[in-house]
Amino acid sequence: MKKLLICLIIVFLLALPIGCGPQAGDSNDGGNGEQQGQEQAQVPQNVIVMIADGMGTGQLEIARLFEHGKEGELFMETLPHLALARTYSADFKVTDSGAAGTALATGNKTNNGMIGVGPDGEELVSILDVFQEQGKTVGVVSTNTVTDATPAAYVSKVEHRSGQDEIARQIFEGRYPIALGGGENFFLPENQDGEDLLAAFEEEGYEIVKSKDELANVETNADTKVLGLFHPSFMNYVADREVLDSEEPSLLEMSQKAIEIASQNEDGFFLMLEGARVDHASHAADFGGIWREMIDFDVAVEYVINWAEEHGDTLVVVKSDHETMGVAATEVMDIDALKSIEVSPEYMAQQMEIDPSTNNYTTESVRQVFEEYANIRLSDEEIAEFQDNVWDGDDPEGRLHLEYLVGWEIGSIIAHHYNAGVIHRDIREKSKSTGGHTANTVPVFAYGVGAENFDGMLNNIEIPKMIVEIAGYEFNLPPEDN
Ligand SMILES: [Zn+2]
């Protein structure tokens with residue numbers, strides 16, 4: 001009897017450390033009891049965050065239907081862990097990419113338009129800096145400008161997202177070794193008070209690359225630092241790259257290079273990779289664009305997951321910052337017609353001719369562009385309505401809207417014509433601060449070490465906190481005076 005009792009106690013004591021070992025990242029739902037296999041490391045060496053800007057479940061569904069059919073599957077949909085996230089900002093129900101990026105980069109809600117700072121302007125700690133402080137190689141990649149809201153939230157602190165020249169300076173000050181995307185203009189002397197910021201990057205040992213080939217030729221070693229500026233502004237839509245003879249790398253090519261460089265560091269890395277133009281195509285109600293940008297992103301996700309599978313020790317979180325335009329898959333949507341449109345609405349806007357006597361597009365060129373690129377024959381009334389909508393009545397002189405906004409009008413007409421479900425242009429017009437973003441929840445997919453924590457309904461600010469906790473760090477930096 002006594003022997004049995006001692007035996008039981010020994011068994012109990014032996015069992016204890018196994019059952020109570022440090023369980024990384026239990027911030028979400030502590031006691032769900034799901035354990036990873038013994039071979040799984042407890043703490044990820046590398047973290048890769050991938051963001052499809054503007055991706056809701058509607059954009060997922062459009063990409064899936066267009067690419068794989070109703071019984072098919074996107075690669076990201078095969079990831080083992082899934083959650084949903086709420087995205088509201090501090091001051092609005094519906095966030096912009098500034099407040100949303102700040103939530104994902106710092107774990108704090110802020111006001112729309114703000115980057116890396118709280119509602120009162122107080123500077124917040126970025127997860128990128130937390131990992132850099134721990135000796136990891138860090139970087140950002142985006143098909144937007146590298147200084148636009150989502151990457152900016154990781155690398156800078158400004159009270160308004162429009163300060164992209166200041167954001168460019170802060171990328172330099174942060175000495176982040178990898179920054180790839182568009183936005184060369186913001187680094188040029190005319191936007192830097194005459195200072196040659198690019199020369200300063202070069203003096204710091206950065207290689208500056210401007211094309212797909214130059215990026216491919218960057219030699220990678222533990223000291224590699226690269227600034228890729230592949231376009232003066234946003235990188236081109238996937239749809240337009242061929243017709244524009246673009247030499248830009250794809251998101252996949254940028255991601256491959258970023259990982260190749262970052263993985264030289266034996267202490268690991270943290271990367272944020274963004275497919276930014278899902279959002280832009282969604283603003284334009286451009287379903288062909290949503291499809292192409294989403295697939296461009298999904299292909300990059302597949303590469304990243306395969307890399308993580310091969311190397312282990314990595315947490316990958318694939319997510320979105322907010323949904324854009326309430327994109328919905330309707331039964332009556334004409335998928336074939338939408339897929340056959342080969343250029344973006346913005347490109348179509350560039351093909352329209354301006355009549356010098358009215359300063360508006362000529363009726364004939366509007367008619368011709370819709371016919372040639374979208375196979376739609378507009379009536380005279382529809383053309384007149386279009387000409388009215390692209391005219392900026394708020395400007396006392398009266399003038400055409402910017403081309404990308406004209407693209408929004410073109411996209412809305414095409415979406416309506418082919419029964420694509422999306423917010424009406426009038427609602428987009430009224431929701432000026434976000435241009436048609438919605439508060440719809442967004443998907444969060446996770447793979448790798450600690451991925452099981454991403455489960456259920458999350459608030460966007462929990463995500464970076466969970467990542468930091470899973471990595472075994474705290475969300476702060478050693479005090480320094482600045
Ligand atoms: Zn947007």
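Biologist: How many salt bridges does the structure hold?

Modeller: There are 20 salt bridges in it, and bear in mind that we're looking at a predicted model.

Biologist: Take Glu-204 and Arg-175. Why is that pair called a salt bridge?

Modeller: Their side chains come to 3.1 Å, N to O. The cut-off is 4 Å between a side-chain nitrogen of Lys or Arg and a carboxyl oxygen of Asp or Glu, so the pair qualifies.

Biologist: And what makes this pair a tie between separate parts of the sequence?

Modeller: Look at where the two sit. Glu-204 is in the loop between helix H7 (197-203) and strand S5 (206-209), while Arg-175 is in the loop between helix H6 (164-174) and strand S4 (178-182), so the parts they tie together are 29 residues apart in sequence.

Biologist: Which domains does the protein have?

Modeller: The domain assignment gives domain 1 as 46-329 + 436-470 and domain 2 as 335-420. Their centres, taken over C-alpha atoms, are 30 Å apart.

Biologist: How do you know that the two domains touch?

Modeller: The contact takes 16 residues from domain 1 and 16 residues from domain 2. About 1,400 Å² is buried between them, with carbon and sulfur atoms giving 65% of that area.

Biologist: What about salt bridges between domain 1 and domain 2?

Modeller: The count there is one. Arg-277 and Glu-346 meet through their side chains at 3.9 Å, N to O. That is within the 4 Å limit, so the pair counts.

Biologist: Which element gives the most to the side of domain 1 that touches domain 2?

Modeller: That's H11, with four residues. The residues on this side of domain 1 divide into 10 nonpolar, two polar and four charged.

Biologist: Now the rings: how many aromatic pairs are there?

Modeller: The count comes to 12. One of them is Phe-131 with Phe-270.

Biologist: Why is that pair called tilted?

Modeller: The centres are 4.9 Å apart, which is within the 6.5 Å limit, so the rings pair. The planes make 35 degrees; stacked needs under 30 and edge-to-face over 60, so tilted is what remains. Phe-131 belongs to helix H4 (residues 127-133) and Phe-270 to strand S7 (residues 269-275), 139 residues apart.

How values were computed: Residues numbered from 1 in each chain as written. Predicted model: local features only at pLDDT ≥ 70, side-chain atom pairs only at ≥ 80, totals over all residues. Heavy atoms only, no water. Domains from an automatic or database assignment. Contact = heavy atoms within 4.5 Å. Buried area = accessible area lost by both parts, 1.4 Å probe. Helix = DSSP H or I, 4+ residues; strand = E, 2+ residues; numbered from the N terminus. Nonpolar A, V, L, I, M, F, W, Y, C, P; charged D, E, K, R; others polar. Phe/Tyr/Trp six-rings, centres within 6.5 Å; stacked < 30°, edge-to-face > 60°.
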